[in-house]
Amino acid sequence: MRRILLSLALVLAACGADGSGPEPDPGTPLLQIGHIGGFAPADFFLTQGPSYTLTRDGRLISPGAVPAIFPGPLVMPHWVSQVTPGEMGQIERMIGSIGLPDMIDERDDDNPGGVADAPTTVVTYWDDDGQAHRYSVYALGIQPNPRREARELQELITVIETLAGRDATEWVAEQYQFVALPGALDPEFSGEMDWPLEETVDTWDEINGLRCAVLGADDLPRFAEANQATTFPSPDPAW
């Protein structure tokens, strides 16, 4: 029997979107910071989502606290803090100083001596036309002689980290991205749940051999008892 393992993350655009579009409204993202790579397996990052997301109206969204258990819940909590107009101005000036508006997909992957299997920090900035500008830095904060842009990105992240912990309240997204991949029942950690949706994964978008869909918050209660190791017997025998 084929099994499905689901991962779930906060989503800001539909599966396969290129990050560009019409002029954004105040609730759309301005800046997003995340991490990829390192010692963690690729599947790990499917469940994590971004570390920080700053919307144009000053909402700063970050992952919330989770129980100290393994495996953790499939549906991860998030928190939101409000950034003041003055702080938004400071962040926008730092974005300009780094040069994010002039970047498309800039990569700083210089191989620093003595650093192996470090994560890559990825920052994405959306301009007024909705175009995404990405800057990726390998081993940020570990490189012995980082570029100016990397140093200033580290300073920006420090500011974001400070603001994220201030007067935070619980936040729930309107949409979540679900990714389905082949799974195997782990008798030590994994439980099993019946497939809770009407549509099957063969109707979802296919990306790099996986299946991906964007679902609304109303679908989350169906997965409330699932954890990151729960598997689902596939209702579609061909997938």
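A residue counts as buried when its relative accessible area is under 20%. Keep that cut-off in mind for this tour of a predicted model.

**Stop 1: Phe232.** Select Phe232 in strand S13 (residues 231-233). Its relative accessibility is 1%, so Phe232 counts as buried. Trp195 sits in the loop between strand S10 (175-183) and strand S11 (205-207). The pair therefore links distant parts of the chain, 37 residues apart.

**Stop 2: the ring cluster.** Now show Phe178 and Trp204. Together with Trp195, Phe223 and Phe232, they make a cluster linked by ring pairs. The whole structure holds 4 aromatic pairs.

**Stop 3: the sheet.** Switch to a cartoon view. Look for an open sheet of 8 strands with mixed pairing. Trace the order: S6-S8-S7-S2-S3-S4-S5-S9. Which strands stand at the edges? They are S6 (105-108) and S9 (169-171). Each has a single partner strand, so one side of each has no neighbour in the sheet. On average, neighbouring strands are turned by 20° against each other, direction ignored.

Zoom in on S4 (residues 59-63) and S5 (residues 78-82). These strands run antiparallel and are joined by 5 bridges. Find Ser62, then look opposite it for Trp79 in S5.

**Stop 4: helix H2.** Select residues 85-98. This is H2, where confidence is highest, at a mean of 98. H2 has 14 residues and spans 20 Å from its first C-alpha to its last. That is close to the expected 20 Å. H2 lies across S2, S3, S7 and S8, at about 60° to S2. Its buried residues include Ile91, Met94 and Ile98. Among the elements covering the buried residues of H2 are strand S2 (29-37), strand S7 (119-126) and helix H3 (148-164).

**Stop 5: helix H3.** Select H3. This helix lies across S2, S3, S4, S5, S6, S7 and S8, and runs at about 105° to S8.

**Last stop: confidence.** Colour the chain by pLDDT. The average is 84, and 84% of the residues score at least 70. Where is confidence lowest? Go to helix H1 (residues 42-48), with a mean of 59.

How values were computed: Residues are numbered from 1 along each chain as its sequence is written. This is a predicted model: local features need pLDDT of at least 70, side-chain atom pairs count only at pLDDT 80 or more; totals for chains, interfaces and linings use all residues. Side-chain values use heavy atoms; hydrogens and water are left out. pLDDT is the predictor's confidence in each residue, from 0 to 100. Helices (H or I, at least four residues) and strands (E, at least two) are DSSP runs, numbered from the N terminus. Rings of Phe, Tyr and Trp (its six-membered ring) pair if their centres lie within 6.5 Å; planes under 30 degrees apart count as stacked, over 60 as edge-to-face and the rest as tilted. Buried means under 20% relative accessible area, exposed over 50%, partly exposed in between (1.4 Å probe, protein chains only). The expected span of a helix is 1.5 Å times one less than its number of residues. Contact means heavy atoms within 4.5 Å. Two strands pair if DSSP finds at least two bridges between them. Axes are lines fitted to C-alpha atoms, for helices over the stretch in contact, and angles run from 0 to 180 degrees between N-to-C directions.
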